[in-house]
Amino acid sequence: MRAHTLKESVNRKIEKTLISSMNTDGDPCEDFYEYACGKWGTFHAVENKYHEAISLVDYFTNKEIARYLKFMNRENKPSFVLKAHDYFLSCQNLAVYEPLEYLKRLNFYENLNMRSHHRRRLGVKFDWLRILAVMRKYGLNGIFVEEITLQRNDDATVTVIDLDKPVKNGGFQLTDYDDLKLLIQTLRRPMHRKSFKDLWDQINAFEYRLKNLDLLDDPEGNILIKVKELSMPWLKRYLELVVDELNPEMEISIQNKPYLQKVFKLINEYEPGFICKYLELCFLWHLNVEGPPNFTLEDCAGSTRTLMPYAMHWLFEQMHPELVKEMREIHKMFEQLINHFSDSLKNNTYNFDYEQSQFLLNKLSNIQLKVGNLPRVNTEEKLNVFYKDLVMNPFDFYGNHLKLLKFNTQTMHKRLNYRISRDVDEFFYLEGSEIGFSSSPYFVQRANVVIVPVTSLQLPIYHPEADDIFKYSSLGFLLAHEIIHGFDYTGLGVDYNGNLNNAQLEGLVNNTRFGRKMHCLRYVNPAIIDEKIADVSGLRLAYETYFKMHPEAHGQIRYMHGRPYDVEKVFFLNFSQFFCGPVSNTLVDTKEHGLDRDRVRDALKHFEEFSAVYFCPRGSKMRREKTCQLWRR
């Protein structure tokens, strides 16, 4: 296909998606999401396997990778690709899911006395603490205690272990009745209705007592101490079991000390056998959540991406050299956004003092972009070394899954022994399961790096042949959104080296005009103020950068399938496409970002140019007389 024909085809495809997703019976000044996305679900009804742009990209990425792995020629492939392929094959070859096979292997690997292996034996001593620690090594976390690694407040290149009460995803989650019922059914062990009710009542009562410990105050806050100074022997033993060759001189972070003292006392009020049974059920549910949903080829590809993300990043780049070539263009777009934001900061509309202005400009000038989360020097060699200790068996899914979960936990702990590189070509972020599987760009706050997965460089987010109006209103917005995360409420407390600087944050928010705008955005949704700042200011940054580069586009008309649209309207329509989903999905909330419908509405109603372009009258829902714009010229 000739270049100009390909370009025309790509842009017509984007235009068709925009037109087909619109509900033109809706009023853009009352609910722009309904107007721009009202028929998205109908347009995508054939597949119906995804609920918004990122899951659409991931769905087709998984399909493509699954086809490739199914027929892959193993000759001349790097060892890490062969290991990923073996895991994929073991997933593909699994005939019937038998979760108890996990426990059999875990018992063999770790020589555990687990409840499921001693149902009819008396006098068995159950060591719940050792079982908890071993299960942590295989990825289970947030049960009784949450153990993670984080960067030191004063040195972002050094990581320490952090022990805390369960806080991720909103804290300790109570077991759902239907989830427990489903789990018991998958174990294929008959359980009478009364026995199940007794089990549920026991777990429910225990978990409510655990949940109540969340209410304990933490007067001391974060404490940095050496392992040998730990005043709670059970936590010290837990760490010795979890971390290989634990150094007693190593510093660790402790938070919510009263909780950690009380939870140990609470656990010891119960029979060890019950605690071990509870841990087994938690572990099996964890494996269910972290494993392939239904063991289709696409599920197995997605699971491989989740568990061996760097191997799969590398493989996808080999499959798409045209996207690798596009990295330079993404960097150019990023630099245009940075430059425009720099001009806004230099304009200093808030009259920050010299030190505050330099703080902001230094941070902005040091933000780096990484397209593809891989080391860029000797990549293949480094990935072979990274995965060298892994041994995969194409006919043992359960063993492979456990080995990969353990490998990823050990990798996290290995970073305790060396400094994190600040060289963006050497640096690569350790991805958890929710990141490794996703094509969504993200900002690594303490590294001051925006990471764009190469898989995101596909429609409907991006295409090399797309016109700039489509590039900047989609990927450009996503880049701007992530840049602004460096300057949201959390980001302002981190300097350009990634070190915490609460004094600077306090000085900025005490600026009367700036603090008023910050409060205005907090009022929109106080639980996710950082996301509101990034959406509202990110949209403005992308919009202004595009029209700064293309001043002639103002007032121009673009015909899409024979219908005339102002270019400004095209920008807003394509921006909304990233958030479009089926009607049923608009009621699904996310704790981190909020409803997609609200994200579109809030970003646009706080952008005066939107209501001006659509001639929204006073009093309409999409027009505010006073907007909350934190960062603007």
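I began at G139, which follows just after helix α7 and takes a positive phi of about 100°; helices here are DSSP runs of H or I with at least four residues, strands are runs of E with at least two, and both are numbered from the N terminus. I noted that this is a predicted model, in which local features need pLDDT of at least 70 and side-chain atom pairs count only at pLDDT 80 or more, while totals for chains, interfaces and linings use all residues. Residues are numbered from 1 along each chain as its sequence is written, and side-chain values use heavy atoms, with hydrogens and water left out.

Next I looked up α7 itself, residues 128–137, and found nine of its ten residues buried (under 20% relative accessible area with a 1.4 Å probe, protein chains only). Among them are W128, L129 and I131, and the buried residues of the helix pack against elements including α6 (100–110), β1 (146–152) and α19 (397–414), where contact means heavy atoms within 4.5 Å.

I then turned to the domains, whose bounds come from an automatic or database assignment: domain 1 is 1–58 + 321–375 + 416–614, and domain 2 is 126–270. Twelve residues of domain 1 are in contact with 16 residues of domain 2.

Last, I checked this interface for salt bridges (a side-chain nitrogen of Lys or Arg within 4 Å of a carboxyl oxygen of Asp or Glu), and the rule finds one across it. I also recorded that D155 forms a salt bridge with R419, with 2.7 Å between the closest N and O atoms.

Terms used
Buried means under 20% relative accessible area, exposed over 50%, partly exposed in between (1.4 Å probe, protein chains only).
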